[in-house]
Amino acid sequence: EIIHLEDYRPTDFVLERVDLTFELDPTETKVEARLIFHRREGVSADAPLVLDGDELTMTGLLLDQEEIAAANYDAAEHTLTIRHLPAAAPFEITITTQINPEANTTLMGLYRTSNVYCTQCEAEGFRRITYFPDRPDVLAVYTVNIIADKASTPLLLSNGNYLGGAGMGDGRHFAAWFDPHPKPSYLFALVAGDLGVVEDTFTTLSGREVALKIYVEHGKEPRATYAMDALKRSMSWDEERFGREYDLDIFMIVAVSDFNMGAMENKGLNVFNDKYVLADPETATDADYANIEAIIAHEYFHNWTGNRITCRDWFQLCLKEGLTVYRDHEFSADQRSRTVKRIAEVRHLKAEQFPEDAGPLAHPVRPTKFREINNFYTTTVYEKGSEVTRMIATVLGADLFKKGMDLYFERHDGQAVTIEDFVACFAEVSKRDLTQFSLWYHQAGTPLVSASTAYDAARQTLTLSLEQMVPPTPGQSSKEPMHIPLRIGLLLEDGTEAQVTSVSGAEMTGDVLHLVERKQTVVFAGITSRPVLSLNRGFSAPINLHFEQTPADRAHIARYESDLFARWQALNDLALPNLVAAAASAKAGKPVHCDASLIDALLAAAADGDLEPAFRAQALSLPSEADIAREIGGNNDPDAIHAGRQQIMSAIAKAGQTIFEKLTDEMVVSGPFSPDAASAGRRALRNTALSYLVYAENQPARAVDAFNAANNMTDLSQALTILAHRFPESAEAAQALATFKARFADNALVIDKWFTIQATIPGAAALNRVTALMADPLFNGSNPNRVRALVGTFAFSNPTGFNRADGEGYRFLARQILDIDTRNPQLAARILTSMRSWRSLEDVRAGHARNALRDITAGKKLSADVSDIVERMLKG
Ligand code: ARG
Ligand code: ZN
């Protein structure tokens, strides 16, 4: 069944209050829901109340405390319909359901993980707890009573403020919670169990003291201190930057080890995948620390962008997600290096969102139809959604953007709204018509901008010709031209910027050029010598750019741009043609050539002590194999791409050997471990240099030394990755893998890394290893992190291993998907999206991939999640 945006209408009944009582039991939990409704004005008196439900056993149904006659209701598989309800007066419906948390392997609704009761309700999990109008525009105030065995379940948590609790004399106890803020059901949460806690307090700008608590498994408390620090920094930042204060007496985070996603912003009670809470130097990498900081912030920021102001319907998901990602990006940029953060964002966007936008799963940031909403928690909604928010800030400028945000918070607090409501705030404060801009929400596909320049020395003008094209995507064959904000710079020979006297043919605001027509010719006047154009500074617009620039011009940008992001981009643009040509040479069995201009530019950046180490590490990291595949565009051979890239790496490694050796000495971080961005940057540059040196030397000794010397997880896992990926069959790699496994056998998050490192070993042999690892006693097919670490990373991040020419990788994945789907449809569907680019493979592989997808469709009893993905993938 497909749901359409245009069919939206408000509910017939208004929900006033919710009172929930849980009697927790691992297999027989009893839920009593008392719901007070009244008929919405204008709704006909015979309209029935229709509630959502999923896998529920109903044991009681009352209207104002009287049993409802069987003739007056229908309990179907997914709905409960109640007829003959009061025409105008409020009434109370009491529903008793029984559910089995232990048997709930979908991890939606109420489930058990390591003896802890836990909920996940977004998007439609609350209907697995009780019958309810389970949609985001139904906002109500909740009271929650939790009853459980006191000895095994001492901790009883829900949203809002704690009202009180006591023992009950029969070995059980109860706790009551009240959340004064009206909320939709997807923000409901309950956690109960026996957990340890890290506590702190935060005083808000207006003086409210907030108790902060992070709950983790007993013994893991020391690993939650970084998360606590990140939380406090997030709270201050939101006050300073967006004027947003916290609004309850308590803010809680619970870390659980079985979780389908990263984390969840339930009001006052965020639930996290423990991967994004737990960290210490011995077990967490710098990337882990950065992720924890970003996700703690993200969930906290949802308190305003998501919870106080929520979505009218699930089509508006980007209203909260795109905006909140933008906010967490800005937070991390302020906490760390803005440039390096932006590079990481753009790498991620290009690696994940661009392929989605270019393949059969492409959809608008604000979709208009869906079959399974869980499949729309995508990088398009999240990351492209964030880029669209960023573009609003770019188009309006910082001050008007802030005014627009303030208006949004003020006007819509307490409401469930739409993207149109959001955009209207910015249109109003800026007096700009944002109709064309809004196409970013409605048109799928990555716009392609083609650019060319001509300098006229006699007239002292530079003419820039721009043309935009948005490619067709499923369900959208023709597109309108978009409003594309391109930040630009004109660099003169000495590296300074040209002083332009006038611009015609485009609106300019500061360094932002507004491309709004399909074709636009822009003339810059007063330019005394031929400039080099730096286009799309800071990745101001999420586009593909075709701009034929000479390597010399690109090297000039890489050297002189004041926008450091643009320097990185120029290095990338220098590298890509080399990597594409290398793939072709490798395919043809010819020697691979690497331009000196690329090597010179990379090594100059590497050795430039004025640049921060983290930036230099990014500069040295070549475009990924997936980036190269995307640049080639079609008929891709992952083996050739890999082989070509390896040879380019070797060429750079040999040319830069002395520089890399010097860096491995200079970038040693001494003293006690600190996860701060500067130290992390030094480690990143040192490890990048190390990996080049290993290319140059082509033997494992240096990586073995690094492995033995490592005193933190960043260095240790890097060394292990180099050994396993470069010398997979060596005794050294086997030894290091065994040492690592033995040392961390009882730390699940570190063992996930052990699986991931092996799942991503390049080459056709990886599949045998992955298959063998599935039989390892440490593999656990019902833990989402473990499944993602092995099966997920194999499919997503091992291009040569997964795309084996004989198709065995795809057949393996098809079998895994069918198996995972029987337990956890959401996880299965997510991992299956790893095949989203199958149509851009060369014919033989594409044929195997198509057959594997067809094998999945032939599976019995496919979930809606998986069948939605597989069908779109075969159709699009
Ligand atoms: N709202 C959560 C977050 O972005 C993620 C929830 C994902 N839900 C889902 N059904 N996939 O922070
Ligand atoms: Zn979110």
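Let me start with Ala227. Not counting residues up to four places away in sequence, Ala227 touches Ile214, Ile253, Val277, Ile292 and Ile296; a contact here is two C-beta atoms, placed from the backbone, within 7 Å. This is a predicted model, where local features need pLDDT of at least 70 and side-chain atom pairs count only at pLDDT 80 or more, while totals for chains, interfaces and linings use all residues. Residues are numbered from 1 along each chain as its sequence is written, and chains are lettered from A and ligands numbered from 1 in the order in which they are written.

Ala227, with Val191 and Val277, touches the most other members of the largest nonpolar core, which has 263 residues. Such a core is a set of buried Ala, Val, Leu, Ile, Met, Phe, Trp, Tyr and Cys residues joined through C-beta atoms within 7 Å. Helix α10, residues 564-588, gives the most to this core, with 12 residues. Helices are DSSP runs of H or I, at least four residues, numbered from the N terminus.

Now helix α17, residues 701-709. Which residues of α17 are buried? They are Ala703, Ala706 and Phe707, buried meaning 20 or more other C-beta atoms within 10 Å of a residue's own, and exposed meaning 12 or fewer. These three lie on the same side of α17 because they cover an arc of only 100° around the axis, taken from the directions from the helix axis to the C-beta atoms. On the other side, Ala701, Asp705, Asn708 and Ala709 are exposed. The buried residues of α17 pack against α16 (677-697), α18 (713-726) and α19 (731-744).

Terms used
Helices (H or I, at least four residues) and strands (E, at least two) are DSSP runs, numbered from the N terminus.
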